[in-house]
Amino acid sequence: MTYQNPTPVVVGLIPVRIDGYQGVLVVRRGIEPGIAKLALPGGYLELEPWQDGLTREVFEETGVFVVPSGWVPFGFASSEPNPNRLLVFATAPAVYAREIAVFEPNPEVQEIGVIFSLDGLEEQIAFPLHLIQIRRWLALGWKDNGPPGYHSLPITYEVHKVGDYLPLRKHDA
């Protein structure tokens with residue numbers, strides 16, 4: 001008898017706080033599938049507990065360190081249409097953008113950033129299952145919590161009042 005088991009994949013939803021707003025950390029992929037598109041940080045488990053694997057993957061991809069015991073399960077999903085991957089989504093305590101080290105691009109990740117809402121970004125998300133979980137996370141109370149669009153990190157911010165939120169702008173210096 002031969003068994004075909006799905007490959008476990010761990011994915012992090014890491015809140016990032018900037019100037020009183022909270023968004024979610026994303027990476028711009030440097031490899032296929034989804035090269036140059038946005039995704040949540042994560043990857044394949046090795047022979048390790050899922051929390052350790054997620055900590056390792058997030059650190060390798062973003063330079064952000066999350067204590068393994070800090071991860072809280074958020075959701076689970078099987079890849080579609082072929083259920084050959086089992087994705088474990090987890091959240092972590094929020095990090096402050098100013099505490100994230102300057103990112104050095106690597107073969108897997110071109111850059112890291114934060115999104116506050118999905119307005120206009122749906123087509124830029126690499127994986128449908130990531131999009132579903134980001135929507136779910138935003139619906140828990142962080143929706144419309146900051147300026148729309150993707151914001152690469154790190155950024156030195158200047159605050160300007162416009163409408164109902166204070167948009168973030170890069171300093172020129």
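Strand β3 is mostly covered, with 9 of its 9 residues buried; buried here means under 20% relative accessible area, exposed means over 50%, and partly exposed lies in between, using a 1.4 Å probe and protein chains only. The model is a predicted one, in which local features need pLDDT of at least 70, side-chain atom pairs count only at pLDDT 80 or more, and totals for chains, interfaces and linings use all residues. Residues are numbered from 1 along each chain as its sequence is written, and side-chain values use heavy atoms, leaving out hydrogens and water. Helices (H or I, at least four residues) and strands (E, at least two) are DSSP runs numbered from the N terminus, and two strands pair if DSSP finds at least two bridges between them.

Let us walk around β3. Strand β2 (residues 15-18) pairs with β3 in the antiparallel sense over 4 bridges, and Pro15 has Val24 in β3 as its bridge partner. With β9, strand β3 forms an antiparallel pairing over 6 bridges. Here Val24 stands opposite Ile115 in β9, while Val26 has Gly113 as its bridge partner. Strand β4 is joined to β3 by 2 bridges, again antiparallel, and Arg28 stands opposite Leu38 in β4.

## Onward through β9

Strand β9 is also mostly covered: 5 of its 7 residues are buried. Strand β10 (residues 150-152) runs antiparallel to β9 and is joined to it by 3 bridges. Gly113 is a handy residue to look for, as it stands opposite Ser152 in β10 and is also the bridge partner of Val26.

## A four-stranded open sheet

Another place to look is an open sheet of 4 strands in the order β5-β1-β7-β6, with mixed pairing. β5 and β6 (72-78) are at the edges with a single partner strand each, so one side of each has no neighbour in the sheet. From one strand to the next, the twist averages 20 degrees. Within this sheet, β1 and β5 pair in the antiparallel sense over 3 bridges, and Val9 stands opposite Tyr44 in β5.

## Helix α1

Helix α1 packs on this sheet, touching β1, β5, β6 and β7, and its direction makes about 120 degrees with that of β5. Contact means heavy atoms within 4.5 Å; axes are lines fitted to C-alpha atoms, for helices over the stretch in contact, and angles run from 0 to 180 degrees between N-to-C directions. The helix covers residues 50-62, 13 residues in total, and reaches 18 Å from its first C-alpha to its last, close to the 18 Å expected at 1.5 Å a residue. That expected span is 1.5 Å times one less than the number of residues.

Which residues of α1 are buried? They are Gly53, Leu54, Thr55, Arg56, Glu57, Val58, Glu61 and Thr62. These buried residues pack against β1 (7-13), β3 (21-29), β5 (42-44), β7 (85-91) and β9 (109-115). Just after the helix, Gly63 takes a positive phi of about 80 degrees.

## Backbone details in the loops

Two cis peptide bonds deserve a look. The bond from Glu32 to Pro33 is cis, with omega near -5 degrees, and Pro33 is found in the loop between β3 and β4. The bond from Glu80 to Pro81 is cis too, with omega near 0 degrees; Pro81 is in the loop between β6 and β7.

Some residues other than glycine also take a positive phi. In the hairpin of β2 and β3, which has 2 residues between the strands, Asp19 in the turn has a positive phi of about 45 degrees. Asp19 is partly exposed, with a relative accessible area of 42%. Ala36 has a positive phi of about 70 degrees although it is not a glycine. Ala36 is found in the loop between β3 and β4 and counts as partly exposed at 37% relative accessibility.

## The whole chain and its confidence

The protein has 2 helices and 12 strands, and 47% of its 173 residues count as buried. Of the contacts with a separation of 6 or more, 64% are between residues 24 or more positions apart.

The average pLDDT (the predictor's confidence in each residue, from 0 to 100) is 87, and 87% of the residues score at least 70. Confidence is highest in strand β4 (residues 38-39), at 98, and lowest in strand β12 (residues 168-170), at a mean of 44. Over residues 157-173 the pLDDT is below 50, and this stretch has 35 contacts in the model beyond near neighbours in sequence. Where pLDDT is low, the predicted coordinates should not be read in detail.
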